[in-house]
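Subject: Structure for you to look at

Hello,

Here is the structure I promised to pass on. Please open it first, then read my notes below.

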Amino acid sequence: MPIVHTLWELETGEGITLHNLTQPLQDFIATTQIQNGHAIVFSRHTTTALAINEDEERLLEDIKVFLNKLAPSTDRYLHNDLHLRPNIPPDEPMNAHSHLMAMVLSTSEMIPIVDGKLALGTYQSVLLLDLDGPRQRTVFFQVSGE
């Protein structure tokens, strides 16, 4: 069973941003010979997450509001006491809220591939949530099957 992978990179915007990875993932699948199997999408960051949901503008704004209520950036977090943490980089952000949001979400998704296409439902998209932008982000795509 062949296994093929690639890295996909993007620059994100300020704060919480959502990015539809469905087409880049489908484009990658098209470069392989795999017709039936599965695709794995994996985020390589501790302040990002992945989800399968609807890519609808108003819902995306609702998601941002929900996440900001879940872990407000204005709350006090021990992780943000930078002066008490040893060996931190000089550009270390105060981003405990982003780490906490990521913990309740997911860092990976697996999607079936049928006849060379992602087997997503009508309104489903593969979404990357950057919880601490702007940043350069990398997502790992792996496809296996026959």
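Asp-115 sits in the loop between S5 and S6. Its phi is near 55°, a positive value in a residue other than glycine. Asp-115 counts as exposed, at 57% relative accessibility. Bear in mind that this is a predicted model.

Asn-87 also deserves a look. Phi of Asn-87 is near 55°, again positive in a residue other than glycine. Asn-87 belongs to the loop between H2 and H3. With 80% relative accessibility, Asn-87 counts as exposed.

Now the sheet.

It is open and has 5 strands, in the order S1-S8-S3-S5-S6, with antiparallel pairing. The edge strands are S1 and S6 (117–118), and each pairs on one side only. Strands of a sheet pair through backbone hydrogen bonds, either parallel or antiparallel. S1 and S8 (residues 136–145) run antiparallel and are joined by 9 bridges. Look for Val-4: its bridge partner in S8 is Val-143. S3 and S8 run antiparallel too, with 7 bridges between them. There, Ile-40 stands opposite Gln-142 of S8. How many of the residues of S8 are buried? The count is 7 of 10, so S8 is mostly covered.

Next, the nonpolar cores.

The largest one has 17 residues. Leu-21, Leu-25 and Val-41 touch the most other members. At least two residues of this core come from each of H1 (22–30), S3 (37–43), S5 (108–114), S7 and S8.

Leaving aside neighbours within four places in sequence, its contacts include Leu-21, Leu-25 and Leu-50. Val-126, Val-139, Phe-140 and Phe-141 are also among them.

Ile-29 lies in helix H1. Is Ile-29 buried or exposed? Ile-29 has a relative accessible area of 1%, under the 20% cut-off, so this residue is buried. Not counting residues up to four places away in sequence, Ile-29 touches Ile-34, Ala-39, Ile-113, Gly-116, Leu-118 and Val-143. Met-103 is elsewhere: the C-alpha atoms of Ile-29 and Met-103 are separated by 29 Å. Along the chain, these two are 74 residues apart.

On to helix H2 (57–70).

H2 has 14 residues, which at 1.5 Å a residue should span 20 Å. Its end C-alpha atoms are 20 Å apart, so the two values agree. Leu-60, Ile-63 and Leu-67 are buried in H2. Why do they count as being on the same side of H2? Because they cover an arc of only 50° around the axis. The face turned away from this buried side carries the exposed residues Arg-58, Phe-66 and Lys-69. The buried residues of H2 pack against S2, H3 and S7. At the start of H2, look at Glu-56. A side-chain oxygen of Glu-56 reaches to within 3.1 Å of the backbone nitrogen of Arg-58.

Helix H3 (residues 96–104) comes next. Which of its residues are buried? They are Ala-96, His-97, Ser-98, Met-101 and Ala-102. These buried residues pack against S2 (15–20), S4 (48–53), H2 and S7 (125–133).

Last, two loops that meet.

Thr-12 lies in the loop between S1 (3–11) and S2. At 5% relative accessibility, Thr-12 counts as buried. The side chains of Thr-12 and Asp-130 are joined by a polar contact of 2.5 Å. Beyond neighbours within four places in sequence, Thr-12 is in contact with Thr-17, His-19, Asp-130, Gly-133, Pro-134, Arg-135 and Arg-137. Pro-134 is in the loop between S7 and S8. A cis peptide bond joins Gly-133 and Pro-134, with omega about 5°.

Best wishes

How values were computed:
Residues numbered from 1 in each chain as written. Predicted model: local features only at pLDDT ≥ 70, side-chain atom pairs only at ≥ 80, totals over all residues. Heavy atoms only, no water. Buried < 20%, exposed > 50% of the residue type's maximum accessible area, 1.4 Å probe, protein only. Helix = DSSP H or I, 4+ residues; strand = E, 2+ residues; numbered from the N terminus. Contact = heavy atoms within 4.5 Å. Polar contact = N/O pair within 3.5 Å; in protein donor to acceptor, adjacent residues only side chain to side chain. Pairing = 2+ DSSP bridges. Expected span 1.5 Å × (residues − 1). Arc of directions from axis to C-beta. Core = buried A, V, L, I, M, F, W, Y, C linked by side-chain atoms within 4.5 Å.
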